[in-house]
Amino acid sequence: MAETRTPAAPREVELYCPTADDWAGLRDIRLRSIANFPLGFFESFAAALALTEADWRQRGARNTEPTSFQVVARPPGEQWVGTMASFVSSGPPSYRPGETPVNGPVRANLVGVWVDPSYRGPTGVATQLLVAVRTWVAEEHHLDRLYLHVHESNHRAIRFYEKNGGRPTGDYITDPHRTSERHLEMVLATEA
């Protein structure tokens, strides 16, 4: 007998911008995201686990800087279930420690994207997070594009970005840990 799946219904979540005082939540969602899909992150689980409270507080403090934005989705009374972040750079960013970024036009970059598996699909969580990031990029920085890199085997994420108007640029970066694998660059308009 074939399994019948009931589509997930939209789920109520609050969007929240974490700060340094939210270091424990930032740590929790980052560790869960890397454990769930390590190919999607340039940071290893071991490296993230080794960070101190001060390191996590510093990451949270970045969210108060004018060129950085992070938003998380949290259901009432539950742990955070999704996150997306963006930062503004001059030209394409370098994701490798110690590597100098290439200068170029100012651009917004989408990073740190993850939604808990039980909140994926038609729950609307990923879309709500993306709308918040697009709004920040457009209203705070007056940029009309949002760039991202997605692992070439992350077909679900690629489909999500395409469904939201994302298109491949033709560029890619080599995975810093697995040099035979790539992260494809895509670009989204900030206005859907």
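I began with strand 1 (residues 14-16) in this predicted model. Strand 1 is joined to strand 2 by three bridges, and the two run antiparallel. Within this pair, I found Tyr16 opposite Val72 of strand 2.

I next followed strand 2 (residues 68-74) itself and noted that six of its seven residues are buried. Towards strand 3 (residues 82-90), strand 2 forms six bridges, again in the antiparallel sense. I looked up Val71 and recorded Met84 in strand 3 as its bridge partner.

I then turned to strand 4 (residues 106-115) and strand 5 (residues 145-151), which pair in the parallel sense over three bridges. Here Ala108 has Leu146 in strand 5 as its bridge partner.

For the sheet as a whole, I traced seven strands in the order 1-2-3-4-5-7-6, forming an open sheet with mixed pairing. Strand 1 and strand 6 (167-174) each have a single partner strand, so one side of each lacks a neighbour in the sheet. I noted an average twist of 25° from one strand to the next. Helix 4 packs on this sheet, touching strands 1, 2, 3, 4, 5 and 7 (182-189), and its direction makes about 25° with that of strand 3.

Finally, I checked helix 4 (residues 125-141) for length. Its 17 residues, at 1.5 Å a residue, should span 24 Å, and the end C-alpha atoms are 24 Å apart, which agrees. I listed its buried residues, among them Val125, Leu129, Ala132, Arg134 and Trp136. After helix 4 comes His142, for which I recorded a positive phi, near 55°.

Definitions and conventions. Residues numbered from 1 in each chain as written. Predicted model: local features only at pLDDT ≥ 70, side-chain atom pairs only at ≥ 80, totals over all residues. Heavy atoms only, no water. Buried < 20%, exposed > 50% of the residue type's maximum accessible area, 1.4 Å probe, protein only. Helix = DSSP H or I, 4+ residues; strand = E, 2+ residues; numbered from the N terminus. Pairing = 2+ DSSP bridges. Expected span 1.5 Å × (residues − 1). Axes fitted to C-alpha atoms, helices over the stretch in contact; angles between N-to-C directions. Contact = heavy atoms within 4.5 Å.
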